[in-house]
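Here is a friendly walk through one protein model, written for someone who likes to know the cut-offs behind each term. Please keep the viewer open as you read.

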Amino acid sequence: MAVAVRGSRAGSGFGGFSLRSFFSYRIFVSAMFSLLFIATLSVLLTTNPSTPHHDSALPTTGNAYMRRSFLALNSDPLKTRLDLIYKQANDHVTLVNAYAAYARKLKLEISRQMKMFDDLASNFSELQMKPSYRTSLFESDGPLDEDVLRQFEKEVKDKVKTARLMITESKENYDNQLKIQKLKDTIFAVNELLIKAKKNGAFASTIAARSIPKSLHCLAMRLVEERISHPEKYKEEESSPEFEDPTLYHYAIFSDNVIAVSVVIRSVVSNAIEPWKHVFHVVTDRMNLAPMKVWFKMRPVERGAYVEVKAIEDFTFLNSSYVPSLQGLGTMETSKRNRNPYSSLLHELRFYMPEMYPKLNKILFLDDDVVVQKDLTGLWNIDLDGKVNGAVETCFGSFRRYAQYLNFSHPLVRERFNPRSCAWAYGMNIFDLDAWRQEGCTEQYHSWQNLNENQTLYKSGTSAAGLITFYSTTKSLDKSWHVLGLGYNPSISMDEINNAAVIHYNGHMKPWLDIAMNQYKNLWTKYMDNGMEFVQMCNFGL
């Protein structure tokens with residue numbers, strides 16, 4: 001019995017202890033939640049959210065997030081909107097003032113834009129200082145008037161739009177990078193136009209120089225008409241003995257331009273001390289033979305000078321079996337390599353003068369685009385030291401030397417010639433025909449022409465061929481004998497021109513063309529035979 005009673009008490013005691021513990025735990029948890037709720041509520045209730053003094057000192061730990069949320073719920077949204085509008089206006093005022101100040105600093109010629117910037121900045125300031133906006137929006141402690149705010153926002157946006165348009169239009173004037181890039185683009189575009197203009201100008205100039213002017217064609221036709229109309233006046237005359245007299249002063253002129261040949265001869269005779277001792281040998285092609293003869297029949301050379309006019313065909317040795325450039329042509333009238341073989345051969349005649357004039361010792365070669373300003377008989381008195389050719393050198397510095405005319409990558413050229421040798425000018429050359437025959441210059445010319453059949457040694461033309469043919473057999477003359485460049489260089493000194501014995505219109509701007517340079521043209525036109533009726537009828541630049 002005693003054991004049973006103890007066991008019953010023990011079980012009863014354990015059950016009572018567990019029940020008390022359970023209720024105590026629930027009371028403890030409830031009390032803790034109650035305390036936490038009361039603490040949170042006390043924090044919320046004891047804080048004054050409407051006091052603006054604390055806005056700048058919001059807590060950064062603990063309940064900061066809850067405090068900010070509470071402020072947002074209790075703030076006026078129109079004030080936030082006003083702050084954004086005000087900030088946008090101030091930002092654009094600052095930007096406008098910056099552009100205006102920069103424009104003043106650079107002293108740009110944009111006074112109108114600067115005034116517009118200043119007026120715009122003033123408008124922003126005046127807009128904020130309007131009494132209606134100042135009292136209703138910026139100095140009011142109460143709620144904002146939404147209609148006034150909307151009107152203020154509209155005016156600010158209009159000003160902002162105007163400011164942005166002005167800045168966009170003016171940005172290129174102030175942005176250095178944009179200015180630099182625009183300048184580069186402009187320079188590139190202008191350079192491209194310049195290159196194109198130069199190419200077009202060179203092409204047009206070439207066409208103008210190689211075409212037959214209307215006035216020159218008119219003159220030739222008038223002279224041929226005169227020959228047909230009055231054949232009895234233009235019968236062939238016997239050759240004069242003066243044409244072969246070696247004691248006289250002989251000139252060679254090879255041209256198909258009647259008026260140009262006339263000017264050359266008139267200028268020589270006008271300045272000659274003893275004109276009756278001067279003999280002119282004119283050679284032209286078959287087409288211009290009649291006009292040339294009629295001209296000098298109608299207008300004989302004054303002061304007793306002599307003129308002989310011949311055609312290429314009169315020199316029978318100039319055929320395809322002797323002249324390399326005519327080989328393979330069959331006849332001179334047809335050419336696969338040159339549409340006008342006569343024109344080419346007229347230029348080549350300068351390499352055949354010993355054969356053309358076998359009884360002469362010296363001869364002065366003149367191009368048809370020169371004007372003689374002094375007596376030239378002194379050239380016959382120059383001692384050429386056994387050389388064949390007397391000419392004026394044209395090199396200066398590294399320019400116009402043999403390296404620019406010959407292909408020195410070819411071993412034959414590299415072995416025979418010095419690339420630094422000075423080039424000389426054709427157009428006025430005194431030739432010793434006796435020395436020419438002794439040196440065999442014509443044979444050397446033929447040899448080099450045959451070697452250069454594929455133009456691997458030098459480009460076709462008389463300049464390079466002459467430099468090779470008369471290499472080491474040319475004597476340099478004083479530069480005052482021959483001044484070049486009046487057909488392309490507008491910067492030649494007039495003192496240099498006036499002191500020159502011969503001036504040369506080499507280049508495309510020939511004096512009988514419309515593209516001639518005006519500052520030099522009168523030096524040529526004063527020797528034109530303006531009294532010739534056909535010259536007046538054909539309007540030669542008069």
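Gln455 is partly exposed, with a relative accessible area of 45%; buried means under 20% relative accessible area, exposed over 50%, and partly exposed in between, with a 1.4 Å probe and protein chains only. You will find Gln455 in the loop between helix H15 (441-451) and helix H16 (462-469). Helices (H or I, at least four residues) and strands (E, at least two) are DSSP runs, numbered from the N terminus. The backbone of Gln455 deserves a look too: its phi is near 60°, a positive value in a residue other than glycine.

A word on the ground rules: this is a predicted model, in which local features need pLDDT of at least 70 and side-chain atom pairs count only at pLDDT 80 or more, while totals for chains, interfaces and linings use all residues. Residues are numbered from 1 along each chain as its sequence is written, and side-chain values use heavy atoms, with hydrogens and water left out.

**The whole protein**

The secondary structure comes to 19 helices and 10 strands. Of the 542 residues, 39% count as buried. The accessible surface is about 31,700 Å², and carbon and sulfur atoms hold 55% of that; the areas come from the Shrake-Rupley method with a 1.4 Å probe, and for residues only the protein chains shown count as cover. Among contacts (heavy atoms within 4.5 Å) with a separation of 6 or more, 72% join residues 24 or more positions apart.

**Contacts across the sequence**

Ala208 sits in helix H7 (residues 176-210) and, at 27% relative accessibility, counts as partly exposed. Not counting residues up to four places away in sequence, Ala208 touches Leu513 and Ile515. Ser262, in helix H9 (residues 258-271), is buried at 3% relative accessibility. With the neighbours up to four places away set aside, Ser262 touches Trp295 and Phe296.

Ile382 lies in the loop between E5 and E6. Leaving aside neighbours within four places in sequence, Ile382 is in contact with Lys362, Lys475, Leu477 and Trp481. The loop between E5 and strand E6 (389-391) also holds Asp385, whose phi is near 55°, a positive value in a residue other than glycine.

Two of these pairs can be set side by side.

| Pair | Apart in sequence | C-alpha to C-alpha |
|---|---|---|
| Ala208 and Leu513 | 305 residues | 7.8 Å |
| Ile382 and Leu477 | 95 residues | 9.0 Å |

**Two helices packed together**

At what angle do helix H8 and helix H10 pack? Helix H8 (residues 214-229) and helix H10 (residues 286-298) meet at about 75°, with their axes 8 Å apart. Axes here are lines fitted to C-alpha atoms, for helices over the stretch in contact, and angles run from 0 to 180 degrees between N-to-C directions. That makes H8 roughly perpendicular to H10, since angles of 65 to 115 degrees fall in that class, whereas those under 35 count as roughly parallel, over 145 as roughly antiparallel and the rest as oblique.

On the H8 side, the contact is made by Leu219, Ala220, Leu223, Val224, Glu226 and Arg227, and on the H10 side by Ala290, Pro291, Val294, Trp295 and Met298. These residues divide into nine nonpolar, no polar and two charged. In this scheme Ala, Val, Leu, Ile, Met, Phe, Trp, Tyr, Cys and Pro are nonpolar, Asp, Glu, Lys and Arg are charged, and the others, Gly among them, are polar.

**Strands and their partners**

Strands of a sheet pair through backbone hydrogen bonds, either parallel or antiparallel. Two strands pair if DSSP finds at least two bridges between them.

Three strands form an open sheet in the order E5-E10-E9, with mixed pairing. Strand E5 (370-372) and strand E9 (482-483) stand at the edges, each with a single partner strand, so one side of each is left without a neighbour in the sheet. E9 pairs with strand E10 (residues 502-504) in the parallel sense over two bridges, and His482 has Val502 of E10 as its bridge partner.

Elsewhere, strand E4 (residues 362-366) is mostly covered, with four of its five residues buried. Strand E1 (residues 249-254) pairs with E4 in the parallel sense over two bridges, where Tyr251 has Leu364 of E4 as its bridge partner. E4 also pairs with strand E7 (residues 428-432), this time in the antiparallel sense over five bridges, and Ile363 stands opposite Phe431 in E7.
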